[in-house]
Every structure is written in C-alpha cells, then in structure tokens.
Amino acid sequence: MRRNKLYRAIVVTLFSLISLSAFAQGISYGTGQWDRQKFGNHRVVIRVTKDTDVVWVHVPWRRRDNNPAAKAIIMVDASSGKIIRNVYRGTINQEYGDIVFEPTTGKGIYYLYYMPYRTTGNEWCPDTKYLKPENHCNPQWLQKNNLNSKSESYNKIPSAKVIRFEAINAFNSFYPMEVIATKHEVDSLLSKNRLKDFLVFPENRKHPIRMTSHLPYRWIQEGVTDNFKGVAQRNEFYVYQLGVYAAFHDLKHIRLAFSDLKDDHGNIISHNRIRCFNLGGTDWLGRPFTKVVNVNKGKVQALWIGIDIPSVQAAVFYQGTVMVKADNMRPQQINIELKILDKVVKDRGYDDLFKMARLNWLDSKIGLDDSVFKPYTVVTLRNHTVGVLGRTLTFNKLGFPQAITSSFTNNNDDTSGPSKNILASAIRMVVLTDGKEMQWLSHWPAITERATGAVSWVTANKNKWLTMQVKAKMECDGYINYWVTITAKRDVSINDIQLQIPYNKAEATYMMGMGFKGGYRPQQWNWKWKQADANNMIWIGAVNAGLQCKLKNVTPSWDLYDFGKTGPYKDWSNDGKGGCVMAENNNAFLVKAFTGTENLKKGETLHFNFGLLITPVKILDKNHWNERHFQSDPPVDDWLKRAIAKGANIINVHQGNVLNPYINYPFIATDTLKRFIARARKDNIQTKIYYTVRELSNHTPELWALRSLGDEIFTQGSGGQVADQFAQHGIGESHAPTGGSWLVEHLKTNYDAAWHTPLTCGNWDMAIRTQGLSRWHNYYLEGLNWLVKHEGIRGIYLDGVGYDREIMKRVRKVLDRAADSCLIDFHSGNNFRPQYGMNSPANQYMELFPYINSLWLGEDYNYNESPDYWLVEISGIPFGLYSEMLNGCGNAYRGMVYGMTSRLGWTSCDPSAIWKLWDAFGIKKAKMMGYWDPDNPVKPDNKDIKVTVYERQDSLLIAYASWAKDQVTLTLDVDWKKLGINPADIQITAPYIKNFQEESVYSDLKNINVSVGGGGIILIKKK
C-alpha cells in the first residue's frame, strides 16, 4: 500500500508542480471532485465578477479530441449545484470555445463540463459515448441578448474569466503533453524554422510524448532547441526522448547516429552503449532486428533512447551529439549534455518506475538458452535416435520421424513401462505430380546442435523438380519443431502436398482437435482451414502414449481463437484448397494434412512448418496431493484466516484488487503485495499472482513509450474513433467496444479495448490488447524475475496465456533460476465454442504443458460429459498433469476418479473435507491406478461406473463415480491376489466426508447403491 500511495503521491506532486506554471492567459491546471458519471472527466472553472443575466466566456481549452462541436457541454452553478439551461454555444473547435450563459446566482464560480459521456454495454469492456449538444435555451433569453447562429461578436456582453482547467484526477489530466498548440502558434514556429527540413524536440522522461497529430503547447513555450541536458547516476539505464516533427515533408527512414559521450579528461560513454528502441532491438526469440520508421507530414514521432551507464563510470559532465537523419533531408544535430552523479543507483534504476529504466527489459534475453530444466533429463542422441524423458524419436534419411515411442507406465507415474510405438510407420511429406509420388535423393541429416536440452538436424532432399530442406529440433520436453521448405528448381505442376502421420491404431484410442471434441477417436474425420477457427492442431493417442501435431505459420504467431491477424496459413491452406483428412488404414489411423494443387514457378518456395509433441510430457507430480489452492478476492485478513483454517497452502492473487490492482502490471502496489506475501509465508502459505501477457493496464508508466513503437506491442484497433463517430453521426452497436473514457480521451485510436476493472474512488483499470508475440514478452520475463526476487512471489497464475511455448520455456527457466519451488498454474474456460474457434484448451495450450505445474479448467465445462471427455479434456492425466474443477465446483465424485477437487474460496467451493481424507490416508504415498489402466485390480460390474484405486502397502482407497442415467447397484470385483491382500483379514468402510458421504461399514463390496451423478470413497484396511 505504501508504494501504491507513493505512486499516487508522485503523480499528484508532479502534476501540482507543473500546474503551477500558467499559460500566458494566467490559467492554471489542476484537479477537482465531482460526479464523473454525470459530467465527465474535465471541466473549466469560470469566475463571473458581477451580477448580470448574461455573460460571455472565451475558453482556450486546446483540446485534442476530434470535433468538439459534436459533443455536449454542461454549465453548473457552483453555489447551488444546479445545471444552467440558458447556455448558448458560439464557435466551438479544438482550440477554443465561445460560450454565453446565464449566471443564475450572479457573480461567483461556475463550472463548464465539456466532455460528458455515458458508458454502455459490458462493464468489463464498455462503450463510451459522448453526449450530443442539446439546446435548452429560453427563446426570450436568446432574443433579449441577440444570440443567434449569426452571432460572432460578444463585445456588448459582460465577460467572465477562465481561472482554471480541472480534471477529475491527475491521471485523467491532459496537462501538459496533451494540451495542443494552436494553428497560429504552429505556423509561427514553422515560419521561424523554415530553413530546416524537419524539427526535433528533445524531451525528458518525465513528460512522455503522447500526441502524434498535434504539437503540445509546452513545446511552443520552450521553443525549438538543439540541446538536451540530463542528470543520471552511475549504473543507471538512463532514458530520454526525441520528438521528430515532420513539419514540411514526409520523412522516410528515420535514423539516429550517436557519438561517444566524453568529458575533457578522456572519460567516455561509448556510443555502443546508446540505443533507440524505436529503430530496433532484440525480439522474443533473441534475434536482433531493425525497424524502418517513417513519419508523415504533420505528424510527430517519439524516439525513446536509452543510455547504459556502467557502475564504474566517472561522475563528471559528458557531452556528445545525436544526429537525426531521414532520406534526402538535411540532418538535425542535437547536442547532449549528461551529468553523472557520484552515486551508484541500485538495480539500474528499475525500482523507480518514472525513470523508465525498465525499457531496457524490452531487449532482454533472460532465460533464452537450450539447457535442460526440471523435471527433464539430458537429451541423448544414439545413431539417429533422440531420447528424452520416457520417449524416443528415430529420424530417417529424409529427416522425418521413422519411429516414436513412449515408455510411460499406464498411470504416468513412471517411465519404466514397456516401449509403445506411437507410429505405425514413418511420418512422410508426400509430393504428388501426374498422380505419382515424387522420389527423393537424400543424404543422412547433419547434426547442427547438441545441447543438454535440445538436438537439431538438417538435410536437403532433391529430385529434378524440387529441393526439400528439412530442419528439425527436438527438445528435452518431447517437442519437435519441423521447418520444411520446398523450392522449385523448374516450373512444375503439383497435384498435392501431404504431411502423412500414420498413428499406430493400437495406441490411437482418443482424439482431440481440428474441431473434434476430446474423447474416443472416431473412425474418420475431415477438417478444413477457416478464418474463424484457429484449431489447426490434432492430438491422438492413449493415456500414456500420444502425439500432437500443430500446423504452423511461416512466421511465429500465437493465434488462439481465429486467424484474424494472419489469415489461414498461406502455404498450408492454399487459398482454401488445403485441409486434413483422417481415417483408419489397416493397422494405422492415417492423418493427411493436404494442400491441393500447386503451380510453382522456378525459384518459388513453399513453407510447411509443423510441431510435434510426444505425450505424456512428464511424470504426474505427487506434490499435487499437497498443493491446496485458495482462490478468491480480498479482504486480505479474511483470506488468510480462511485459507489457514481450511488447510490451503497456496493463494492465487488475482488482478483487480488491493494487492494487484493493475492488470498485468503488478509493479505499482508492490509494498502492499510484499507485506502480504511475507505474512502468508509465516503461515506456510505460498503466494502466486495473476501476471500474463494478453492485455496491459493503462496505468503502465511505459505505456506512451510502448505506443510509440507502432503496432509492435499493441494491436491496432479503431479504439476511440468509434466514440467520435457516434458523437458526430450516431452509429449502430456492431462495433468493437471503445473501452472506458480514459482510453477514448487519451489514446484516441489504434488500440483494442480489453479487460476493465473498477478500482477504489470511482477509478478504473482499463487495459488494451497486446500482440501475441513481441518484445513486450522480454519485459514480461524480466518483470517476473524481479517479482520473485524483490516481492517474494513463488509462481504465477495464468488465466489463459498470451504467448507460445518459446516464451513459456523461458518463464519456466526464469522462475526456477530465481527461486526454488516456483509454480505455474494454468486456468482456462472452455473454448470449444464457435466464438472461440472450436478449440479445446487442453489441445490449444498443450505445447505449454511441459512447463506448467497444475491445471484449472473451468468455466462452461460440462461435468455431465462422458468419462472419455473428462479424461482427455479436463483431467490432464494423458499429458502428465493433474487438474482441478471450477464450474459449479464440478462433481466431487467424478473428480476423485481423476485425482481432482474444486478450489477453496471460489464461489461456495470447499474441498477441505476431501483434503483431510487425503492426509489421513496418506494419498501422496499411494500408487494411483485409474479405470483406464488394464491392470487396475478393482473392476465394477457396470460399464457406466468408473473406479480408480489408490494403493498403499497396508490400505486401499477406492474412488468410484457413476455416469449412469439411473440409480444403480454396484458390485466391485477385486483381484485380491494381485493386491497381495487376504480378503478375510480386512475392514471395509466408507469414511464420513462432509458434504460428500456419510460413514458406512461394509461386510463386502456388493450391492452398493449409487445415485445418478454420484459415487463414493471406500477404504480397505488390514485388520
């Protein structure tokens, strides 16, 4: 809370200091208090100096919103609080407004609210609509004061005075960087600088450049200067800005040339330690990149620059230059003077958000390597067989898998089982021409990388028509990336290109993906590429031996629901001709991803990238039985008391509360969060927080710097343009939401509104959507490292995931290297719906499962679905993970069959009684044998009853649940010999479990009544 208060105090203090400087008119800027829902976020404070029934006020509001004349104004008498009806609107534009009104109580203070709005729609992502002008004037009052549409002069009307512009709070204020310069001021500035091809405005980090279509009045006041002065500390990553204004021409290919920064005694800060984030950096895969920045005439481009100051840098004055260049334009030189203080700042200055030093994180490579990580083993390579935890892949001369095996046991509790063949034969890339399959001249692949966590190989296959390069990389988690490039050596007509995966029918029990809901595999299935359905992946297999295939784009993308950003992947989809057919074929279930006809010209290239994941990805973690989640919202005191009383030992701190108020930016209320984490740790409670990448809070201090990067970080929607269109013309409801008023008023356009959360005192956290993959992920990873080390979090709670496995792999490594026992907890609602691309989350996010510790698959899941659906879609077991239930707290009986409970604190869910049973029985030390295991020693006499056994040396826990449509009577057939138990020497009980079952004692395991959707738990102990 202290840091949160400090953050607000800094904002208010900075705002108060700058608001003390007034415009030439003597008008100040500040904040006030009023009903924002009624009047909006902005007002003008007006003083009437004498009693009269009419006054005129000239309001130089310098607004950046489009077409102010299309928005209402509301005049209020400050002394009475009443709205004044006689208000005449004269000229109203962005620069000023001429308003004539009746001061109903004579001289005194009056408030002019000039952007009143209403919000509609879903409060979690609303629409903001500005009120339209309305005329409530009394005709007699208008006539008496000669006010009509031709009125242009108000000399005969007494004047009132604007004394202050106010915002509802400092965060909503336009001052100073969104207060526009007038056309006359800009023209005068250009006239004075007409010999330059463009203008450059150096700006410090305290005043992020916000506008691209206007100059801020601050720059008019300060004038054009060629000098920038800054003060930094040793070890600081120092940040400043240059505002490039295309005053006279379009500017093409903006470039910066930095000199060394030097003093008179030979001390140097090398130009190699200076970089501009807008012109390039390091992407999320660690690859360097450059950007071409163009600026259209009349537009402003902010360039954010960082200086990496060593901790041993001499504390002196440094001078240097930065040359700003554009094609065919005379360059502009900016002289830089930087004073280094004789003080070493801690942690590069990252702890002070307003230093903007964390922009350095955008180019981080943290966690980016191919080393092995827990729980995986070092990747082995013997001849052409790559070995990872419990699985192998043997590649052939063409570079494709000849065989894939799994040695996981039936219940995925070990890797000592017999080797199972997942494929019936080799995976092939088949090219058909003239109805015949092309043959290839091949050489054995060359190994291009051997690391503890990965092996890579490459080969080039050729014939007289084509070259097919095959690159592959298999990693320690069992994921294999394939990059297949087919290039025409001459013009050629192709009937079809097919990726053929012949699954071993004996192991292809279940299927999920490509529009098929998880469960038992069908005999055949067809799928086509659709813009609306990004379900371009399929998993087929058994509980302990399976394979997912994901068809990929030529450039990495993270398309969760649809292909709105990329379109169906061009080479795979082939303008709608591509798709996938699956059918049984002898001992195989053959999957064919096909393209249809292709006509290639010489030199033309096609890319067929795909990923394979061998499942299960890891051994089921027995720590699951000790990990008890508490999932709720504050109050904080009640949180801990409830968690401790009920036996929870993990708390997930969601976003939108006092501990983590700003979505995906948990760096503001850090003192409050840190105290809570420390307090919870004293009670042996581990704290994870909601922190992901998909949307980002508007309270992010770096927001304006990130916006200056164009479409690199944020998606580019129409945003607040819709609100302006509504105010001017009126529009229908079929549009993307504008989001809250702050987004509309400050971002205006080029954003997609995302999650909104009400905070205290009428304030809101308003997020905008981020790109699926970008440099922001580098920042995110550094932020995660910082949160573990500085705040003490021990993991993250992911509600959906806004990144691919390459990022998640880094997340896992960052957490493991920052602290022991960090957890990644993944939650998703059911996306197998048309609006979400008909995609099952267990399939959609499967590539992330190697790095995740627990699943919570919840909203809109139907717990009345069949057992095979539960197993594949909900339980996580075929993939090496345990899961938990959410929607309506799930079904506790069926959940126990899969080792699942609900989560404490979520709605009315309370699994604590089952947790107590687990502890009393010692379930962590038990061997789990699911109903899917052919060696399960307990068999029901009814196929609609499923039984899972938890076996210890001297006891047995039997969990059974019914999927029968009616109440049934159950008899259990137990293989006592296999268990090594003498049935004459046992006690059989159904222990009392609150809200689950009453206590019972059985003489045998016959004639057990089971209700619809019910079940129970039976304990068997030796006497």
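**A helix pair and its surroundings in a predicted model**

The axes of helix H12 (residues 776-791) and helix H13 (residues 805-818) come within 9 Å of each other and cross at roughly 20°, where axes are lines fitted to C-alpha atoms, for helices over the stretch in contact, and angles run from 0 to 180 degrees between N-to-C directions. Helices here are DSSP runs of H or I with at least four residues, strands are runs of E with at least two, and both are numbered from the N terminus. The model is a predicted one, in which local features need pLDDT of at least 70 and side-chain atom pairs count only at pLDDT 80 or more, while totals for chains, interfaces and linings use all residues. Residues are numbered from 1 along each chain as its sequence is written, and side-chain values use heavy atoms, with hydrogens and water left out.

Two packed helices are described by the angle between their axes and the distance between the axes. H12 and H13 are therefore roughly parallel to each other, a term that covers angles under 35 degrees, with over 145 counted as roughly antiparallel, 65 to 115 as roughly perpendicular and the rest as oblique. The contact, meaning heavy atoms within 4.5 Å, is made on the H12 side by His777, Asn778, Tyr780, Leu781, Leu784, Asn785, Val788 and Lys789, and on the H13 side by Ile807, Arg810, Val811, Val814, Leu815 and Ala818. These contact residues divide into nine nonpolar, three polar and two charged, where Ala, Val, Leu, Ile, Met, Phe, Trp, Tyr, Cys and Pro count as nonpolar, Asp, Glu, Lys and Arg as charged, and the others, Gly among them, as polar.

His777, found in helix H12, is buried, with a relative accessible area of 0%; buried means under 20% relative accessible area, exposed over 50%, and partly exposed in between, for a 1.4 Å probe and protein chains only. Not counting residues up to four places away in sequence, His777 touches Trp284, Val693, Gln771, Gly772, Gly802, Tyr803 and Ile807. Of these, Gly802 is 25 residues from His777 in sequence and 9.3 Å from His777 in space, C-alpha to C-alpha.

Elsewhere in the chain, helix H8 (residues 670-682) has 13 residues that should span 18 Å at 1.5 Å a residue, and its end C-alpha atoms are 18 Å apart, which agrees; the expected span is 1.5 Å times one less than the number of residues. The buried residues of H8 are Thr670, Asp671, Thr672, Leu673, Phe676, Ile677 and Ala680. Just after H8, Asn684 takes a positive phi of about 60°.

Asp434, in the loop between strand S28 (428-433) and strand S29 (436-437), has a positive phi of about 55° although it is not a glycine, and at 71% relative accessibility Asp434 counts as exposed. Asp575, in the loop between helix H6 (570-573) and strand S41 (579-585), has a positive phi near 55° and counts as exposed at 76% relative accessibility.

Cis peptide bonds also occur in loops. One joins Lys374 and Pro375, with omega about 0°, and Pro375 lies between strand S22 (332-344) and strand S23 (380-382). Another joins Thr615 and Pro616, again with omega about 0°, and Pro616 lies in the loop between strand S44 (605-615) and strand S45 (629-632).
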